[in-house]
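Trainee: Could you show me how to read strand pairing and pockets in a model like this one?

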Amino acid sequence: MTRKNVWSSVAVGALMTMLVAFMALQAGAQQGVAGSGKVHGTITDPSGAPVTAGTVSAYAGGMTGPTQDPTYTFPVDTTGSFHGDNVKAGSYTLAFRAPDTPKDKVVDQLDNVSVTPGQDTAANFDMSRAAYIAKLTPEQRKAIEEAQKKNAAILKENSQIKNLNADLGKARQDDKDKNYADAAALMQKDAAIKPDAAVLWVELGIAQEGLKQYADAETNLQKGITMDQASKKPDPKMDGAASDKLGESYAFEGKIPEAQAAYDAAAKADPSSAGMFYENETIMMSRAAATSPAAVDAEVAAADKAIAADPTRPVPYYLKGQALIGKATVDQKTGKIVAPPGCEEAYQKYLQLAPTGQFAAEVKGILAGFDQTQQSSYKAKKH
């Protein structure tokens with residue numbers, strides 16, 4: 001035998017020895033895995049609700065006494081579940097204890113739970129089962145029945161709210177698309193189902209305002225606002241938007257004082273949006289002024305409120321100038337147009353904020369008519 005062959009034989013022998021040892025270890029490991037299994041389950045109380053705290057103790061061969069130490073202990077998680085791995089195969093009694101349950105007491109137990117090698121055994125503590133309920137006192141059973149009814153009502157309400165939220169989304173999209181009739185029909189149905197939901201009455205009123213059903217819109221918008229403000233957690237944004245829409249509805253009907261009060265209420269409910277609300281009021285008063293001279297003063301007043309709330313908005317300055325220009329007079333000596341107080345200033349401020357804005361050319365023409373040289377230094381305000 002050559003030296004090479006001797007070393008080859010030694011190497012093969014050593015390799016075989018290592019393989020035998022490895023296979024023995026593998027066999028031992030497989031035997032260990034084969035001799036254990038898993039157990040898992042859920043904990044639900046007599047009303048069917050998950051129990052989200054406590055422990056499950058496993059007693060090999062059953063419980064022999066109230067203070068016996070468990071073979072295994074598994075925590076119950078926040079979903080009401082427990083899991084046990086590497087549990088030696090065999091028969092167990094599983095006992096559930098709440099965090100405040102004394103060691104010599106159990107809340108519920110399952111006997112003869114068999115853990116099979118390599119398997120995951122399910123063992124659920126369902127305390128609504130007849131065998132468990134039968135052990136309770138009449139008072140406890142009555143309390144459970146009441147809890148079950150309450151849970152059923154909560155589940156029903158949650159399902160209802162989910163559907164209502166979907167309908168709200170659709171109604172708002174319908175309003176954007178000017179499908180006001182569809183939005184109104186949907187909100188009318190939902191408000192009848194859940195009449196204590198302020199948002200449904202508000203959305204119904206918005207749709208009705210779009211349909212020019214102003215009386216109905218005003219009634220339902222005001223109902224939603226009043227209901228929300230009386231709730232535990234009023235929604236200022238919703239109340240502000242609803243009051244803004246209420247003001248618009250009143251303005252379309254020519255109800256100037258009511259419209260002014262509604263816009264003031266919108267700004268009070270949501271001060272952060274006051275500038276926008278008062279600008280909307282100014283626009284609506286401008287429209288109303290075309291047929292109602294009384295709205296001219298309301299337009300100027302609204303513009304002043306909008307400017308005070310947010311002096312960076314150019315439109316209120318333009319509308320104020322537009323309202324005041326109607327009160328211009330002619331100087332009998334010079335024949336020149338005399339602008340009323342505040343008119344030129346409003347127009348000049350508009351140009352300062354919007355030198356190339358929608359109404360810039362018109363404003364420049366008006367100022368020229370006053371024989372007023374426009375300043376050339378106006379620049380758009382940086383944002």
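Predicted model: local features only at pLDDT ≥ 70, side-chain atom pairs only at ≥ 80, totals over all residues.

Trainee: Let's start with S1. In which sense do S1 and S4 pair?

Mentor: The general idea is that in a regular strand the side chains alternate between the two faces of the sheet. Here, S1 (residues 36-44) and S4 (residues 81-88) run antiparallel, joined by six bridges. To find your place, look at serine 36, whose bridge partner in S4 is lysine 88.

Trainee: And how many bridges link S1 and S7?

Mentor: Three, and that pairing is parallel, with S7 covering residues 120-122. Alanine 122 in S7 sits opposite histidine 40. S1 also runs parallel to S8 (residues 125-126), with two bridges between them. There, isoleucine 43 has phenylalanine 125 as its bridge partner.

Trainee: Now the pockets. How much space lies in the largest pocket?

Mentor: Rolling a probe the size of a water molecule over the atoms shows where empty space is left. In this model, the largest pocket holds about 240 Å³. It has 15 lining residues, and those closest to its centre are Lys194, Asp196, Ala197, Ala198 and Val199. H3 contributes the most to this lining, four residues. Sorted by class, the lining has nine nonpolar, two polar and four charged residues.

Trainee: What classes of residue line the second largest pocket?

Mentor: Six charged, two nonpolar and one polar. That pocket has about 200 Å³ of space, and its lining includes Arg172, Asp175, Glu203 and Lys245. H5 provides the largest share of this lining, with four residues.

Key
Residues numbered from 1 in each chain as written. Heavy atoms only, no water. Pairing = 2+ DSSP bridges. 1 Å grid on protein atoms, 1.4 Å probe; cavity = no way out; pocket = protein on both sides within 12 Å on 5 of 7 lines; lining within 4 Å. Points joined across faces, edges and corners; volume = space filled by probe spheres on them. Nonpolar A, V, L, I, M, F, W, Y, C, P; charged D, E, K, R; others polar.
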